[in-house]
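Please keep the structure in view while reading.

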Amino acid sequence: MSLIAEAPDFLQVYSDGIVKRFDPETAPASLDSSSNGYKSKDVIIDPSKPITGRLFIPDSPNTISEKKLPLLVYFHGGGFCIGSTTWLGYHHFLGDFSVTSQSIVLSVDYRLAPEHRLPIAYEDCYTSLQWLGDQVTSEPLLQKADISRVFLSGDSAGGNIVHHVALKAIQNNGCPLKIKGLMPIHPYFGSENRTEKEMGDEGAGDVAMNDMFWRLSIPEGSNRDYFGCNFEKANLSESVWSKFPAIEVYVAGSDFLKERGVMYAEFMQKKGVNEVKLVEAKEEKHVFHVLDPKSNATRLLQSQMSQFMQRY
């Protein structure tokens, strides 16, 4: 048995198929909102796979009224191979965001590669939309959810998932929710053609790590022009592109994946998506909001996302 892939402190993959994951600090869900202003609850979306999630709802005077709250469905990052709703950074970021935005948040734990390669993550995350439609009248934390105002967001690989779940919702007339907007954060895309930053020496370690994650997550025998990696490879009609909701793409100035986010925004504009906006955090690194969920930059991001949701 030999080690064939490793993300130090997070993941080890061995030649016999054994996968070991090492989670950073985690946070439990709690219905006690006294210390942070929000309640959280772990839910089972599909026990047979399994797919789970964590719900967040603000506990403030605004939620006492009869006014319905928008829904944010969030997909965590981690190169499709690591990450969890329970990670401390995600818990604090999304809990605080539910308060800032006065929204209900569902954070989704989809199945991970390499045991479950793409497109399984897309299928699992789309299942979460169907679950919301089924549970909105029975789950206590969803009683105030407005399923006519649903937004999709996620960081890194989760930003990639946002695009593909929205696409599945457009192509599947059975989706019970009305998706009003997409907010991919530092989205994780790629292609066989390298960007300028990906060819530079400065980010060589990041490029090697991302190549490893792509190698572990796309179907065996595929390359980085697989449709899940390279969004330009999707063969879709103009009518599909025209049905995409508004998109606000967040990039970080010190993230070597910034170019991919810019390329995605430009591509969606060319495809005729009604509203596409690019927002840059000038001095920040990849997924800074997860690494430091209490920072001023994270607060600004939460405010920008809230303002986007308020427009729809």
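## Sheet, helices and core

In this predicted model, strand β6 (residues 69-75) and strand β8 (residues 145-155) run parallel and are joined by seven bridges. Within this pair, Tyr-74 stands opposite Ser-153 in β8. In general, the strands of a sheet pair through backbone hydrogen bonds, in either a parallel or an antiparallel manner.

Both strands belong to an open sheet of eight strands with mixed pairing, arranged in the order β4-β5-β7-β6-β8-β9-β10-β11. At its edges lie β4 (38-46) and β11 (276-281), each of which pairs on one side only. On average, neighbouring strands of the sheet are turned by 20° against each other, direction ignored.

| Helix | Strands touched or crossed | Angle |
|---|---|---|
| α9 (residues 296-310) | touches β6, β8, β9 (179-185), β10 (246-252) and β11 | about 170° with the direction of β10 |

Which residues have the most contacts inside the largest nonpolar core? They are Leu-152 and Phe-244, in a core of 100 residues. Helix α3 (residues 157-171) supplies the largest share of this core, namely eight residues. In soluble globular proteins, nonpolar side chains tend to be buried together.

Beyond its neighbours within four places in sequence, Leu-152 is in contact with several residues, among them Leu-72, Val-73, Val-162, Val-165, Ile-179 and Met-183.

Key. Residues numbered from 1 in each chain as written. Predicted model: local features only at pLDDT ≥ 70, side-chain atom pairs only at ≥ 80, totals over all residues. Heavy atoms only, no water. Pairing = 2+ DSSP bridges. Helix = DSSP H or I, 4+ residues; strand = E, 2+ residues; numbered from the N terminus. Axes fitted to C-alpha atoms, helices over the stretch in contact; angles between N-to-C directions. Contact = heavy atoms within 4.5 Å. Core = buried A, V, L, I, M, F, W, Y, C linked by side-chain atoms within 4.5 Å. Buried < 20%, exposed > 50% of the residue type's maximum accessible area, 1.4 Å probe, protein only.
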